Amino acid sequence: MSARRTERLLNLVIALRATRRGLRREEIRRAVPQYADSPSDSAFERMFERDKEDLREIGVPVVTVRSDVLVDADDAYRIDAGAYELPPVTFTAAEVAVLSLAGRAWQQAALAAPATRALTKLRALGAEDAGAREEHEAVRAAAGVVDAGVRAVDPAFDPLHAALRAHRTVRFRYRRPDGESAVRTVDPWRLLLRGGTWYLVAHDHDRDAPRVFRLGRVEGEVRTARAPRPRPAPRPEEVAAAVAEAQRVLAPERAPGDQVRHEALLRVAPGRAGLLRAIAERAAARRGHPRPPGATAGPGTGQGDEDGLLCVPWSAPPSAPGAAPPVPEWLVEAVAACGADVEVVSPGPLRAAVLAAWRAVRDRHSGPPGPGGEAAAAGLAAAAEAAHEPEAAATFTPGATDRLSRLLAMVPFVLRRDGVGLAELADHFDVSEAQVVRDLQLLFVCGTPGHLPDDLIEADWEGGVVRIGNADAISRPLRLTGEEAVVLQLGLRLLAQVPGAHDREAVLSATRTLERLTGGAEPLLEVLEPAWGPPEHAETVARALREGRRLRLRYLSAGRDELGDREVDPVRVVLDSGRAYLQAWCHRAQDVRTFRLDRVVAATVLDVPVAPHPAAPAHPAPTTAWRSSGADEVVDLRLDRGAGWVAEQYPVEAVVHHDGEADAAVTDVRLRVGDTARVVRLVLRLAGAAEVLAPAGVREAVAVAAGAAVERSTAGPAGEPATGRAGEPTPGPGAPVRAR
């Protein structure tokens, strides 16, 4: 059925391209053989209307024209030649390689389809130096060092994306971070991607103002209005201002220029508080006091020694004369998460805030859970069972229009050359030789109206060399739609954030060329800058990849909250969910490991060539300390108002929301972990806003850790620091950790 539909669409394109005055509906029905088989006039009308929309979807500009000067009505159809043809642009082999990477970044159906079509259309041009086969292969090999992908997609994405394109109003139920849930009616303006998370910028009808919505907080079905939105379209400056405000809120600067630098003095246990040590070491390196490999630094450098004082900086707005500077929430949480491993020496406000957090955790866990604990466990068990077999994420499956796009690109590509090898053609369009043969077989049964032998396309592949003739109507490549060009541009922006062996100049030049092809199309999608900027040591990692040399990393292991040194042989960089990861052979583990680049505190390229090791998977899902096997322990947590973000930032097995009074709304979540000490660190960090419901052993461990921290803090600086394990890392130095 798909082949027959593709044949019908191709014949329709050729018929409408071959006419100058336009064809009326009855003429189109006679010109396209597949329409002649329609059982009725109404069946033909439905089929033709659907085909028109499909052609316009892939960028074929079907327009209506007046066929008779005496009749004041547009009743004929043709294809606008000027809007059909791709402008005369060329791409180098390096640009073709990075464009392919950019197109592969999109793995959800709504964006994979236009990205795939865009790459197919651009393949009609080839590359200006495609004849330099060796150079082209070298570019491909270098590009293979980088694997960019955006994997996760929220169920709300597809309906919101469709409503955005159709300019429709939508209605959905939205749960705020504080647990409050309400129905919102909005006009979508933009979809924003930041750090692997999608956000919607829209005009909220109830508040009569722009608002930003995180797609992961949309609950249930997104309902789309049938009619276009009643409000006038927003002015470009309105949308730009709303997007800029979203960028400011979602990706704030770490230390604006008008802020004052302060320091906290902490006493840390030997080898503990890895995150705080990482922040201190990075700050010291920026001030010109890098930590020599294998050395322990004293307080004078701001880094602290292995079992003594640690100096952690933060920035805050200027305070009133004589007033203490406000202590940032991220610092309170980072210190509280460490429990008895850390004692605050100064400032006093930080010491008081951390002590209050520990007391709140201790008091909440002194005794069994409150009423409803057993019911919560039963609800979470039922929710986990219901989610055991989640629906498969939507993936892109090529259809008739995608095959049509390939045919409309393949014909001009072959016509520009005096014969193309069958294997080369298949490789160029990333399909099998058998598929190319099927495409050629379809081509030579299509042609201009009449469909006599002289009207049909000539296609020949004798001896493994492909030649095409009598195809003037489709001899020019098809122009990119605005959406196709924008999706590729966004892919290039993602790729520009990834260190690796790919050609960065090619990324920039390909972006500039695509900008010329957008034709002023409105960008419905945008990529925001990463919250904390690019990884500080990205260029060092890129140089090691280019030169094939070993790296020494000073790395923060978030799961264990440990800061240590590793020697690794880099394999590739993976961009996944908006974060950059290094896949490398770790000599300490004697296996392939994945390292998040924003957790690399220091990186040095060693004068040691990379040795051959077992290959890393092509694009694995980066591991997290919280994902584990079914044999690990199940932990149930109750999250109060304001701590619901845990359900979004951690891979939970089940979530149950309890709506009540504004201050009584809570969320129950179930985690499965291999090391329950990570849960202890998380609960200490949440300062009484979370409670362990089960199991009893983890609940008791939290109570013990919080009690030890209170005792250690109130005992004063005398005595040795405790060595209990606690501490949950925050996303980055100097950063607020909660998604609000």
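Rings of Phe, Tyr and Trp count as a pair if their centres lie within 6.5 Å, and in this predicted model the count by that rule comes to 11 aromatic pairs.

Begin the tour by selecting Tyr35, Phe44, Phe48 and Tyr77, which ring pairs link into a cluster. Within that selection, keep Phe48 and Tyr77 in view: their rings form an edge-to-face pair, 5.2 Å centre to centre and with 80° between the planes. Because Phe48 belongs to helix H4 (residues 41-57) and Tyr77 to strand E3 (residues 76-79), the pair ties together parts that are 29 residues apart in sequence. Phe48 counts as buried, at 0% relative accessibility, and Tyr77 is buried too, with a relative accessible area of 7%.

Next, select Phe157 and Trp198, whose ring centres are 4.8 Å apart and whose planes stand at 55°, so this pair is tilted. Here again distant parts of the chain are linked, since Phe157 sits in helix H9 (residues 157-166) and Trp198 in strand E7 (residues 197-204), 41 residues apart. Phe157 is buried with a relative accessible area of 0%, and Trp198 is buried with 1%.

Two charged side chains placed over rings make the next stop. Select Arg17 and Tyr84 to find the arginine over the face of the ring, at 4.1 Å from the ring centre, and then move to Arg417, which lies over the face of Phe413 at 3.9 Å from the ring centre.

Now turn to strand E22 (residues 633-639), where 5 of the 7 residues are buried, so that the strand is largely enclosed by the rest of the structure.

Which residues have the most contacts inside the largest nonpolar core? They are Leu266, Leu276, Leu331 and Leu637, in a core of 57 residues. Apart from that core lies another, of 50 residues, among them Leu9, Tyr35, Leu404 and Cys446; selecting Tyr35 brings the tour back to the ring cluster with Phe44, Phe48 and Tyr77.

Technical notes
Residues numbered from 1 in each chain as written. Predicted model: local features only at pLDDT ≥ 70, side-chain atom pairs only at ≥ 80, totals over all residues. Heavy atoms only, no water. Core = buried A, V, L, I, M, F, W, Y, C linked by side-chain atoms within 4.5 Å. Buried < 20%, exposed > 50% of the residue type's maximum accessible area, 1.4 Å probe, protein only. Phe/Tyr/Trp six-rings, centres within 6.5 Å; stacked < 30°, edge-to-face > 60°. Helix = DSSP H or I, 4+ residues; strand = E, 2+ residues; numbered from the N terminus. Lys NZ or Arg CZ within 6 Å of the ring centre and 35° of its normal.
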